[in-house]
Amino acid sequence: MRVAVIGGGPGGLYTAALLKRLGPDRDITVWERNAPDDTFGFGVVLSDETLGGIEHADPTVHRALQKEFVRWDDIDIVHRGRTLTSGGHGFAALGRRRLLEILHRRCADLGVRLRFRTEAPAADELADAYDLVVAADGVHSRTREAHAGAFAPRITTHRCRYIWLAADFAFDAFRFEVAETEHGVVQLHGYPYTAGDSTVIIEMREEVWRASGFDELTEQETIERCAKIFTEALGGRSLRSNRSSWSAFRTVVNAHWSHGNTVLIGDAAHTAHFSIGSGTKLAVEDALALAASIEEQPGLDQALAAYEAERRPVVESTQRAAAASLRWFEDLAGYVEQPPRQFAFNLLTRSRRVTHDNLRLRDPAFTDAVEHDFGCPPATPPMFTPFRLRGLTLRNRVVVSPMDMYSAQDGVPGDFHLVHLGARALGGAGLVMTEMVCVSPEGRITPGCAGLYTPEQAAAWRRVTDFVHQRSSGTAIGVQLGHSGRKGSTKRMWEGIDQPLDSGNWPLAAASPLPYRPGVNQVPHELHRAALTGLRGQFTAAARRAERAGFDLLELHCAHGYLLSGFLSPLTNRRTDAYGGSLANRLRFPLEVFDAVREVWPAERPMTVRVSATDWAPGGTTAEDAVEIARAFAAHGADAIDVSTGQVVPDERPEYGRSYQTPYADRIRNALSVPVIAVGAISSWDDVNSLLLAGRADLCALGRPHLYDPHWTLHAAAEQGYQGPGAPWPDPYGAGSRRPPTGRTDAPKPRLTLLPGT
């Protein structure tokens, strides 16, 4: 096999070394346009997991690396002059130049041909002349651009500027420091990479960078300015550069990683923000997977497919974590007012890879201090602390999210709703929410949707609330009121989601005459002033019935593309009157409905609003819009904002992942100091505790976990060893309050082998 490697960085060199070691007869050439001792950046951080892979694949390289590593366990977070230290994290780093020297030597010893100061031939030429072309040519990959039609790259440039520098001393820990300058927040990321050197990354928002004048400074002036900002962190020492310049981070995603016999690795294939680790780590792991796949598979096509299948899920998970971390630092100015320990905990858990439970294992003393500041009584997890909304005190922070069941008859909830909601109430949640309860027959999504537009429906709901209050004392039950708007008159979800009924369709109404799916769903008629007045009346009538039905909390549904959400989004509101155009105008009718409902809803009972904080589509509601929407509802008396996203337009592109919607709740909470309910793929009690302690949410709503396990909250208490007022077991269930024993898993240990003569 003849192999061409484009790019002599760590990923390209290690790929060449592994392929040559595994196949000594392979003819391998590496092209690198820079000199052998040229490099950008300073230190490289590798995880124990990556080092384990290197040790298994190439002990020679591993031994050489082990001699060079600087190791440390602590993270120092400096917030307004106070240093908080968290231990038990475990890092290993070395100089990038030394890493390249080790890999150069290994390649030379194995017989890899290294061509420095030489541009690689064109990708097409290499593909014709070689059996395999490995494109390790970085974030600005020419190979990727030459075959953009095949790789289908998406490149996103982000909002911060950063620069890689170095200091001639070693930090004692991984250091994060925040400087609040007259122009805005500037952050330092620093870590040691030799006994006498540290990498120092300075980062700030683009507008702060420009206001500070960095865009007009020379390289030397930049170094001096950065050193002055962080004089205390540096101990008055200077910084140095290595042809350093300011950059905006670019996230690289490719739909495909191979094309014919050409394959992308490292930054050419994908990037992840430096705040969660090293791009070198990902590149080295790519090299390991690619070499192994080529060894294991019968042909090159199968090998490249196997490499991508193995690495893509890992990379995508890393990129999701990196995106969360990147956004956290972009929005850093919104967190600096947090108390010091909460700020530190928030920073440590920003990527969602380090969690409350994980951090407790690493540093229990630090975690105990954070819990104490939060107000947790002894032996009480954060999720089991009470929370007050107006006159309602919830015994814990868990909410059963509204979930449409499509099981009502003529809008009347029946035995199914009694059992469904009653079971979740018995299961320990602090607040159980109904599905969206419709304010009129025409406001239903499907024929199976529940309503509150008749006395019979109100009486049926009273049966449910009485059960919750009598049999699950301490659990609150809330109602979510809404109107389907343009998304109505469809089949039940399991019969064909968003598909119109085969017969018996009812007319739809919306902010603008835009069908949800053109050519599929019917065109709604645009609501005019008289109809808007009538709709307000329907909402207030439903609210009065909700009071008589015994609900403890009322939520107004202004999300997911339903009627009120349709007014808020510029994608669904094309009106030219006072209810369309500017955000203030688009808010007008939802606020009129809110005010009307708040007026008739009892003063002591809380009222919340669910919003879609982004439409996940170009031209739609943005995160900045969502803050203003939340601000408006809070000003009108909303006690909390229930922050969801999307479902407004069918061509949305959500960024799915664990807790993927919670950053939007986080942003609203910290921008406005208004209570928020976080939702969106929150799946574990560890996630709930982490979100609460970090100050990203006040309550956490979980849907699917409660479908899987109606007693999710009680089981979360049992798994954490908690027995207290935040999660009391119903008396009839008391015998089950401890986890049942399982089968034995520890086999008897073998006898000691007796040595001859003993």
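Visitor: What makes the reach of helix α19 close to the expected one?
Guide: Helix α19 (residues 529-548) has 20 residues and reaches 29 Å from its first C-alpha to its last. Helices here are DSSP runs of H or I with at least four residues, strands are DSSP runs of E with at least two, and both are numbered from the N terminus.

The structure is a predicted model, in which local features need pLDDT of at least 70, side-chain atom pairs count only at pLDDT 80 or more, and totals for chains, interfaces and linings use all residues. Residues are numbered from 1 along each chain as its sequence is written, and side-chain values use heavy atoms, with hydrogens and water left out.

Visitor: Which residues of α19 are buried, and what do they pack against?
Guide: The buried residues are L532, L535, F539, T540, A542, A543, R545 and A546. They pack against α17 (455-471), β22 (476-482), β25 (553-558), α20 (563-568) and α21 (583-600). After α19 comes G550, with a positive phi near 95 degrees.

Visitor: Why is H273 called buried?
Guide: The relative accessible area of H273 is 2%. Buried means under 20%, exposed means over 50%, and partly exposed lies in between, with a 1.4 Å probe and protein chains only. H273 therefore counts as buried. This residue lies in the loop between β17 (262-264) and α11 (279-296).

Visitor: What makes the pairing of the side chains of H273 and E203 a polar contact?
Guide: A polar contact is a pair of N or O atoms within 3.5 Å; within protein, one must be able to donate a hydrogen and the other to accept it, and residues adjacent in sequence count only if both atoms are side-chain atoms. The side chains of H273 and E203 are joined at 3.3 Å, and those of H273 and S275 at 2.7 Å. Both values therefore meet the distance limit of 3.5 Å.

Visitor: Which residues is H273 in contact with, leaving aside its neighbours within four places in sequence?
Guide: They are E203, F249, A322 and L326; contact means heavy atoms within 4.5 Å.

Visitor: Why is strand β5 described as largely enclosed by the rest of the structure?
Guide: Five of the five residues of β5 (residues 75-79) are buried, so the strand is largely enclosed. I75, I77 and H79 are buried on one side, and D76 and V78 on the other, which leaves both faces covered. In a regular strand the side chains alternate between the two faces of the sheet.

Visitor: How many bridges join β5 to strand β6, and how many join β5 to strand β11?
Guide: Two strands pair if DSSP finds at least two bridges between them. Five bridges join β5 to β6 (residues 82-86), running antiparallel, and four join β5 to β11 (residues 174-181), running parallel. V78 stands opposite T83 in β6 and opposite E177 in β11.

Visitor: Why are the buried residues of α9 said to be on the same side?
Guide: In α9 (residues 219-229), T222, I223, C226 and A227 are buried. They cover an arc of only 130 degrees around the axis, which puts them on the same side of the helix; the arc is that of the directions from the helix axis to the C-beta atoms. What covers them includes β10 (153-167) and β13 (197-205).

Visitor: What is the phi of R390, and why does R390 count as partly exposed?
Guide: The phi of R390 is positive, about 55 degrees, although R390 is not a glycine. Most residues other than glycine have a negative phi. The relative accessibility of R390 is 34%, so R390 is partly exposed. D498 likewise has a positive phi, about 65 degrees, without being a glycine, but D498 is buried at 15%.

Methods:
The expected span of a helix is 1.5 Å times one less than its number of residues.
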